[in-house]
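I opened the notebook today to go through one model, a few features at a time. Here is what I looked up, in the order I looked.

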Amino acid sequence: MKKIGIITFHSAYNYGSVLQAFATQEIVRALGYEAQIINYRLAEQRKVYSNLRLKYGINTLVKDITLLPMNGMRNEKYAAFEEFFVKNLALTQEVSEVRETLALMQQYGTIISGSDQIWNKHSLELENISWDYMKPYLLAGFAGKKVSYASSIANMSQKELEKIKPYLQKFSHIAMREPSSAEVISEMLGRNVESVLDPTFLLDSTAWIKALSLKNQPSGKIVYYSLGGLKRFNMVRPILEQLARRKKCGIIVMTPFCYVPKSSVFEPHQEYGPVDFLQTLRNAEMVVTDSYHGTILSVNLCKDVYSICKQSGSEFRKTDILKNIGMENRIIYQPEKMIKEEFASIEYATVQKRLQQLRAKSISYLKDALGE
């Protein structure tokens, strides 16, 4: 059986990163290959997810101090992530430096680079370190077949993209996660670059439920999942409280960067690992989120989801896909709309039909790229 290497952000303490890595592994296996995730764990990645970040300035340190009351839950969460890595990911030996990662790569004939923001210098993992640490994700120095799947450049500038252009030119197949990114890279390289689904969409809800043994235990609760801090939570808090009163239910809160104490309305769960996170989404009455993966995993699980978006930055990651599957009415630029307006139920039969078409196209791309 042919062995395929995968390099991505697989070991961040971030639900979306880990679940997209797992999904990529599973779809490669489903196509008839042995899949291995190259266990490239940047020292910087460990630092940016640590409980007390000392090297990122006073503002970051102050934020971390406000999170001290939930450090016990955060440590529990990190342990759950590490358990998931060992139990569910087919990992190589661990490496952290560019040279040793390159040496490890040589055992493969083909490597998939992606998904996630592995080509974005402004991602948490890469922003504060040398460009050299992006090279393994660009497969620099690897002599075999280079395949990109759903890689993301997010909001990289043209000048920054010119730095990685020579490496991208050596890929036999490139597919980006966002249509807008595919257009930018296509123009830069002068070749066709496809846009494909995020790997978490390649497994449908049935596949996710089976793969991780998710239980069907409806909570009757709203889930609020946000990667924002206290300022963002305070902005939406009164809206969430009104939603809770309207639906006569509590709110499960998953906010890794904001301490929310337990109350009659809010039930914080900062200790959840990847499986508990997905389990919570599956059993939610409603999901309110500002996260890309929070949005698309909720869509995949056919939830009543509302995706809070800013009008600038890299929000196109969410808005592109929601528009593409006919869910643009769930793009929420003004959170108060969730209590002022009545939203029609999502026609998930239509959404899933469109998703299935995109899924087939994305899997076909990957099948062709690996099979040539």
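**Entry 1: the β-α-β units**

I began with β10 (residues 286-289), helix α12 (residues 292-300) and β11 (residues 305-308), which make a right-handed β-α-β unit. Right-handed here means that, with the strands pointing away from the viewer, the path from the first strand over the helix to the second runs clockwise. I take helices (H or I, at least four residues) and strands (E, at least two) as DSSP runs, numbered from the N terminus. Next I found that β11, helix α13 (residues 316-324) and β12 make a right-handed β-α-β unit.

A note on the source: this is a predicted model, where local features need pLDDT of at least 70 and side-chain atom pairs count only at pLDDT 80 or more, while totals for chains, interfaces and linings use all residues. Residues are numbered from 1 along each chain as its sequence is written, and side-chain values use heavy atoms, with hydrogens and water left out.

**Entry 2: the sheet around them**

Which order do the strands take in the open sheet? I read six strands, β9-β8-β7-β10-β11-β12, with parallel pairing; two strands pair if DSSP finds at least two bridges between them. At the edges are β9 (266-268) and β12 (331-332), each pairing on one side only.

I then went through some of the pairs:

- β10 and β11 are parallel over three bridges, and Val-288 has Tyr-306 in β11 as its bridge partner.
- β11 and β12 are parallel over two bridges, with Ile-308 opposite Ile-332 in β12.
- β8 (residues 251-254) runs parallel to β9, joined by three bridges, and Ile-252 has Glu-267 in β9 as its bridge partner.

Which way do the side chains of β11 point? Val-305 and Ser-307 point one way, Tyr-306 and Ile-308 the other way, and all are buried. My cut-offs are these: buried is under 20% relative accessible area, exposed is over 50%, and partly exposed lies in between (1.4 Å probe, protein chains only).

**Entry 3: salt bridges**

I counted a salt bridge when a side-chain nitrogen of Lys or Arg is within 4 Å of a carboxyl oxygen of Asp or Glu. Side chains of opposite charge can pair when their charged atoms come close. How many salt bridges does the structure hold? The total is 14.

Arg-41 pairs with Glu-82, the closest N and O atoms being 2.9 Å apart. This pair links distant parts of the chain, 41 residues apart: Arg-41 sits in the loop between β2 (34-37) and α2 (43-48), and Glu-82 in helix α4. Arg-41 is buried at 6% relative accessibility, whereas Glu-82 is partly exposed at 25%.

Asp-64 forms a salt bridge with Arg-53, with 2.8 Å between the closest N and O atoms. Here too distant parts of the chain are linked, Asp-64 in helix α3 (residues 58-66) and Arg-53 in the loop between α2 and α3, eleven residues apart. Asp-64 is buried at 0% relative accessibility, and Arg-53 is buried at 14%.

Lys-135 and Asp-132 meet at 3.2 Å, N to O. Lys-135 is partly exposed at 27%, and Asp-132 is partly exposed at 37%. I also noted a network of salt bridges that links Arg-177, Glu-178 and Asp-198.

**Entry 4: cavity and pocket**

I worked on a 1 Å grid over the protein atoms alone: a cavity is a set of points where a 1.4 Å probe fits but cannot get out, and a pocket is an open set with protein on both sides within 12 Å along at least five of seven lines. Lining residues have an atom within 4 Å of a point. Points are joined across faces, edges and corners, and a volume is the space filled by probe spheres set on the points.

The count is one cavity of 30 Å³ or more, and the largest cavity has a volume of about 70 Å³. Its lining includes Tyr-13, Met-70, Arg-74 and Gln-270. Helix α4 (residues 71-88) gives the largest share of that lining, three residues.

The second largest pocket has a volume of about 240 Å³. Among the residues lining this pocket are Phe-84, Lys-87, Leu-212 and Asp-276. Again α4 supplies the largest share, five residues.
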